[in-house]
Amino acid sequence: MSAEENKAIVRRFYEELWNQRSLDVASEIIAPDCLTHQLRSGAEAAGVPRGPAAARHHIEEWLTGFPDLRFDVEQIIAEADHVVSRSCLHATHTGPWLGLAPTGKQISIRMVVIQQIVNGKITADWVLVESLGLLQQLGLVPATEEILSTPAK
């Protein structure tokens, strides 16, 4: 497939699967043996199986906690079978999420995702999420300025 065709699949991932909540699209664009790698500082990104059913479950968890969730895709770059996207997720935490009671807080978090596309399906992705910003916006971690102004013990 061409880089443009691969970019179209990634656009479907955000627009149809997440923003339009067309969860059946997962089986159309995600390979059964897809691996997701959560990128973290200081740790190797081990892949976790996330085929269509697991992807649907993951999206449903987010939509339970953040029913108004929306991705704004800011940039998509493709080369061969890899597509890189830069996006911002906007949402309000009005439902339970990962054991956390609703906070009512609005969040905007940035993400960079690299997806590998083979035969029209996402076979792997590497995800970098602004996790600290998410935790700060939910009020679970102090603001960066407060953290940096606290003397080390």
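Predicted model: local features only at pLDDT ≥ 70, side-chain atom pairs only at ≥ 80, totals over all residues.
View A. Two or more lining residues come from each of helix 1 (3–19), strand 1 (30–38), helix 3 (52–65), strand 5 (106–118), strand 6 (121–129) and helix 4 (131–137). By class, the lining has 21 nonpolar, five polar and four charged residues.

**View B. A nonpolar surface patch.** Leu 39, Ile 77, Val 84, Val 112 and Leu 128 make a patch of about 360 Å². Ile 77 belongs to strand 3 (residues 70–79) and is partly exposed, at a relative accessible area of 47%.

**View C. The salt bridge between Glu 4 and Lys 7.** The closest N and O atoms are 3.3 Å apart. Both residues are in helix 1, three residues apart, so about one helical turn separates them. Lys 7 is buried, with a relative accessible area of 14%.

**View D. Arg 12 paired with Glu 28.** The N to O distance in this salt bridge is 2.6 Å. Because Arg 12 lies in helix 1 and Glu 28 in helix 2 (residues 25–29), the pair ties together parts 16 residues apart in sequence. Arg 12 is partly exposed at 25% relative accessibility, and Glu 28 is partly exposed at 43%.

**View E. Asp 24 paired with Arg 56.** The closest N and O atoms of this salt bridge are 2.7 Å apart. Asp 24 lies in the loop between helix 1 and helix 2 and Arg 56 in helix 3, so the bridge ties together parts 32 residues apart in sequence. Asp 24 is exposed at 55% relative accessibility, whereas Arg 56 is partly exposed at 28%.

Notes. Residues numbered from 1 in each chain as written. Heavy atoms only, no water. Helix = DSSP H or I, 4+ residues; strand = E, 2+ residues; numbered from the N terminus. Nonpolar A, V, L, I, M, F, W, Y, C, P; charged D, E, K, R; others polar. Patch = residues over 30% accessible without salt bridge, like charges linked within 9 Å, V, L, I, M, F, W, Y side chains within 5 Å. Areas by Shrake-Rupley, 256 points an atom, 1.4 Å probe, with all protein chains shown as cover. Salt bridge = Lys/Arg side-chain N within 4 Å of Asp/Glu carboxyl O. Buried < 20%, exposed > 50% of the residue type's maximum accessible area, 1.4 Å probe, protein only.
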